Amino acid sequence: MSGPVPSGSVDLTDCDREPIHQLGLIQPTGFLIAVTADWIILHVSANIGRWLGVEPDDLLGHPLSRVIKGEALHTIRGRLQVAHINGSVERAFGVHLSETTPVCDVAVHLSGSTIVIEAEPSEGEGPQDSGSLLRSMIARVQNSRGFDGFCREAARQMRALTGFDRVMVYRFDPDGAGEVIAESAVHGIGSFLGQRYPASDIPQQARRLYERNWLRCIADVNAPPVPVVPTLDPLGQPLDLSLSLLRSVSLIHVEYLRNMGVNASLSVSILRHGKLWGLFACHHRHARSLSFERRTTAELFGQMVSLLLEGREREQESQQEAQARRAHVRIMSMLADSESPMDSLVTFAAELRTLIECDGFACCIDGQLHMEGETPTREETLGVMRFLHRTPPSKVYVTDELGAVHPPARDFTERACGLLAIPVSRTPRDYLVFFRKEMIRTVTWGGDPSKPAQYGPNGPRLTPRKSFEAWKETVHGRSKPWSELDERNAESLRVTLLEVVLRLADVAGRTRKEATERQELLIAELNHRVRNILSLVRALVRQSESGAETVQQFAAIVAGRIEALARAHDQITADNWGPASLRALIAAEIGAYLTAKSERVRLTGPEVLLAPQAFSVFALVVHELTTNSAKYGALSDSSGWVEADWSIDEGGRLLIDWQENGGPPVRAPSRTGFGTTVIERSVPHDLQGEAEVTYALSGLRARFMIPAQYVTVAASLPDSARRSLSVPAADFSIGGPVLLLEDNMIIAMATEDVLLSFNASRVNTAAGVRHALRLIDEDPPVVGVLDINLGSETSLAVAERLRELGIPFVFATGYGESAAVPERFADVPVLKKPYGSDQVVQVLASVMG
C-alpha cells in the first residue's frame with residue numbers, strides 16, 4: 001500500500017483506498033509501450049532498452065513506427081480494432097516486432113484514448129490445439145454431477161492446465177467475505193477447503209478490476225517491478241493499467257502472498273450476470289511463468305465456467321425446490337386424509353421439519369401448544385407467541401437474531417436464536433414456528449479476520465496478517481440465516497393452509513366415496529378372476545382323464561399342469577431385471593393346457609426379448625388368450641391347436657399373430673368383460689401399439705404390434721440377457737498411491753480416473769523424469785505406470801529407480817509392438833495405447849500379485 005496512513009491501530013480495510021490500477025509498475029517478464037491515438041509514444045516501461053535496444057529517452061515523443069516493423073504494426077492495428085469494439089484486451093501470438101527483438105506474444109487494449117501495447121517473448125510452449133484442449137476440459141466439467149462436483153472438476157481442470165500446486169474455487173458471500181468451496185492440490189501441501197476469508201483480504205477496487213479484467217498473473221512475487229516512464233502524462237495523469245496483463249501489484253499484496261508461502265499466483269475471474277461471483281485462485285510454491293497462449297486458454301476456460309455456472313446453480317436450486325415440493329405434497333396428502341386437518345398439523349410435525357430445516361418446532365392451534373426438538377421452555381414459547389401477535393397477521397415472519405427484536409429471547413439463544421413463523425389462521429392467531437439455535441463455531445476463517453494489522457518495515461503502510469491457519473469464530477446471538485427457498489416454502493405452506501385446507505375435508509369425503517366405488521369394482525373383478533381359476537382347474541381335471549391309467553398318473557398330470565400355470569403367473573408378477581423371452585412367455589402360459597401331444601401349440605418366429613414393461617403387459621394378454629382358449633376355444637377339447645407366429649418388420653416393430661384352429665365354433669362375446677378388455681386395449685393403451693381381435697367361426701384370431709423400443713432381437717445380445725458383464729479381477733484393489741508418468745494431459749487424466757476407480761488412494765502425476773523422481777522420494781507409490789517415450793526423454797531412469805526400491809511398475813506406449821524396451825526390462829508388462837480400464841487393471845494385477 002502506498003501513501004500515508006493515520007497513526008494508531010488500523011486494519012486492512014484501509015487497502016480499499018489504494019489506487020492499485022495506477023501504481024505505474026509492471027512485472028519484468030515483458031515490456032510496455034503506450035501511444036497516443038496518432039501512434040506517438042507516450043509511455044514506455046523502463047526495461048524497454050533490453051527488448052528493443054533503444055532507451056526510453058530516445059523513444060518518448062517519437063512515432064511507434066520508428067521501432068516497430070510495418071507488418072507488426074498492421075497486426076497490432078487489426079487487434080486494436082477488435083479491442084475497441086469489444087472493450088477488451090486482444091492478443092496476437094508470434095509477432096516479429098523488429099529485427100533485433102525476439103518473437104513476442106502481444107496484447108493491446110485502450111486505456112481511455114491511450115493505446116497500451118504489452119509484449120512478452122513467445123515461449124511456444126502453449127497447447128498445440130487450444131480449442132481441442134478447451135473442449136475436452138469443458139466436457140469433463142459438464143459431465144460432473146451436482147454443483148459441488150462441478151466446482152471440484154473445474155478446479156481440477158484448471159490445475160491440470162496451469163500446473164500450479166493448488167487451485168481453489170473461491171466464492172464471495174453477500175457480505176463480501178469469501179469461502180473456498182472446491183480445491184485441487186498436490187499431495188502434502190495441506191488444504192484450505194471450507195475456510196473463509198474476510199472481505200478486507202480482497203479490497204473493493206481489486207474486485208472491480210476482476211470484473212473488468214478476467215485474468216491476473218504474478219509469475220514471481222520476489223521479482224522487482226519495472227516502472228512506467230514517465231510516471232505522469234503531459235496532463236499530469238498516471239497511466240491507467242486496469243486492463244494491463246503485466247500490471248504489477250501493491251507491496252501489501254506481495255507481502256500477503258509471501259506470508260501464505262506463495263511465490264507465484266494466477267487469478268481467473270468467475271462472473272455471474274457481469275458481477276464477480278468468485279475466482280479461480282491458483283498458488284504455486286515456486287516462481288512459475290505461463291505463456292500468453294496458456295494464460296489465454298485459462299481465461300477462456302474461466303469464461304466458459306462462468307457461463308455454465310448459472311445453469312448449475314439454477315439446477316441446484318431446482319433440485320432443492322423439487323425436494324421441497326415433494327415434502328409439501330406429502331404434507332398436503334396426509335392432511336387430506338385427516339378428520340381434522342388443522343389439529344393434525346401436530347401429528348405431521350416431522351414432515352413439516354423436512355420442508356423447512358430447523359432445530360425445533362412449535363405449533364399453537366386453538367390455544368393448544370405442541371413443541372418438539374430444541375425449543376425454548378413452554379413459558380418462553382408462549383412469550384414468543386405473544387410477540388408474534390404484534391406482527392402482521394398475513395405474512396411469514398423471519399429473523400435470525402430473535403434477541404434483537406424480542407429482548408427476553410437473549411436468555412435462551414443457545415436453544416433458539418432464529419425464528420420463522422407461519423400464521424395459519426387470523427382468529428385466533430395460530431402459528432407454526434420453526435426455531436434455529438445459535439450458530440456456534442460454524443465459521444472457519446483462514447486466520448483471525450478481525451486482527452488489526454501493524455506498521456510494516458517498508459515505511460508508513462500496513463503489513464497483512466501472517467497467520468493463515470484455520471481459525472474458528474464463535475458467533476453469538478445469531479442463527480443460520482433463513483434462505484430465500486425457506487421463505488418461499490413457508491409462504492407456499494401458509495397459502496395452502498389458509499386457502500385450501502378448509503376444503504380438504506370435502507375433497508377427502510369425495511375421495512373416500514370414489515375409493516369405495518373402485519374397491520367394489522376390484523372385488524367384482526377379483527370374483528371374475530377367481531371363477532376363471534376355478535373353471536381352469538376343473539378343465540384341467542377333465543382334460544387329464546384321458547391320459548391317465550392310474551390315480552397316481554392322473555394326480556401327476558394335474559399337478560404338473562397346475563404348476564405350469566403357477567410358473568406363468570410368476571412371470572407376470574416377478575420383478576424383471578432385463579428383457580425376457582417372448583417364446584418362453586407363451587410357452588409358460590399355454591403349457592398348463594397341453595395334452596400329451598405337443599403339436600397342439602406351434603410357435604414360430606425369431607428369438608425376441610421384450611422389455612420389462614412390455615413383457616408384463618403382454619403376459620396379461622397371453623394369459624387371457626390362453627384362458628379363453630382353454631375355456632371356449634381350440635384348447636377346450638382334444639382336437640384343436642394354436643398357432644402363434646411373430647416377426648420383426650423393417651421398422652423394428654414386433655408383429656404377433658395368434659390363430660386358433662380345430663376347436664369348437666367361435667362366437668363373439670355378448671358383453672365386454674375384463675378379459676376381453678385386456679386383450680383388445682392393453683397393448684394400444686400401455687405400449688402405444690396395436691391390437692386387432694377377430695372372432696371367426698373357425699377360430700379366434702388376434703394380431704398385435706409392439707413398438708420397436710420394447711423389442712430386442714436375442715442374437716444382438718450376450719448369451720444371457722440377464723447376465724451382467726464380467727469385470728476383470730473384480731476383487732483387485734490398488735490400495736495406495738500410484739505414480740503416473742505421462743506427458744499427455746488428457747491421457748493422464750483419463751488414466752487417473754481408471755486408477756482411482758480401483759481404489760488407488762491418490763494418483764501422483766508427472767509429465768517429466770525430474771518431477772517423477774521427486775514424487776517417488778516425497779510419496780513412494782505402491783505401483784507405477786510409465787509412458788516409455790516422453791518426447792525429448794524416456795522414462796527408463798524412473799523405471800531404474802522404482803526397480804531399486806522394489807516397487808512394481810508397468811510401461812505404456814503408443815508405438816505398439818515396435819516399442820523399444822531395453823532387454824533388462826523385457827519382463828515388464830506393456831500397455832499399448834489406446835488402452836481401457838480392463839487392460840489397466842489386468843496388467844497392474846499381474847505385477848502386484
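What covers the buried residues of α19? I shall answer that in a moment, after a word on the source: the structure before you is a predicted model.

Helix α19 spans residues 796-805, and its buried residues are L796, V798, A799 and L802. Viewed down the helix axis, these buried residues fall within an arc of 155°, so they line one face of α19. As to the opening question, the cover over the buried residues of α19 includes the strands β31 (737-741), β33 (783-787) and β34 (809-813), together with helix α18 (769-778). Just after α19 comes G806, which takes a positive phi of about 75°.

Is S45 buried or exposed? S45 is buried, and its relative accessible area is 0%. Setting aside residues up to four places away in sequence, S45 touches I26, F31, L32, P56, V226, P227 and V228. The side chain of S45 also makes a polar contact, at 2.6 Å, with the side chain of N47.

Finally, the cysteines. How many disulfides does the model contain? The count is zero. C364, for example, is in no disulfide: the nearest cysteine sulfur belongs to C363 and is 7.5 Å away, whereas a disulfide requires the two sulfur atoms to be within 2.5 Å. C364 counts as buried, at 10% relative accessibility. C151 also counts as buried, with a relative accessibility of 4%.

Conventions
Residues are numbered from 1 along each chain as its sequence is written. This is a predicted model: local features need pLDDT of at least 70, side-chain atom pairs count only at pLDDT 80 or more; totals for chains, interfaces and linings use all residues. Side-chain values use heavy atoms; hydrogens and water are left out. Buried means under 20% relative accessible area, exposed over 50%, partly exposed in between (1.4 Å probe, protein chains only). Helices (H or I, at least four residues) and strands (E, at least two) are DSSP runs, numbered from the N terminus. The arc is that of the directions from the helix axis to the C-beta atoms. Contact means heavy atoms within 4.5 Å. A polar contact is a pair of N or O atoms within 3.5 Å; within protein, one must be able to donate a hydrogen and the other to accept it, and residues adjacent in sequence count only if both atoms are side-chain atoms.
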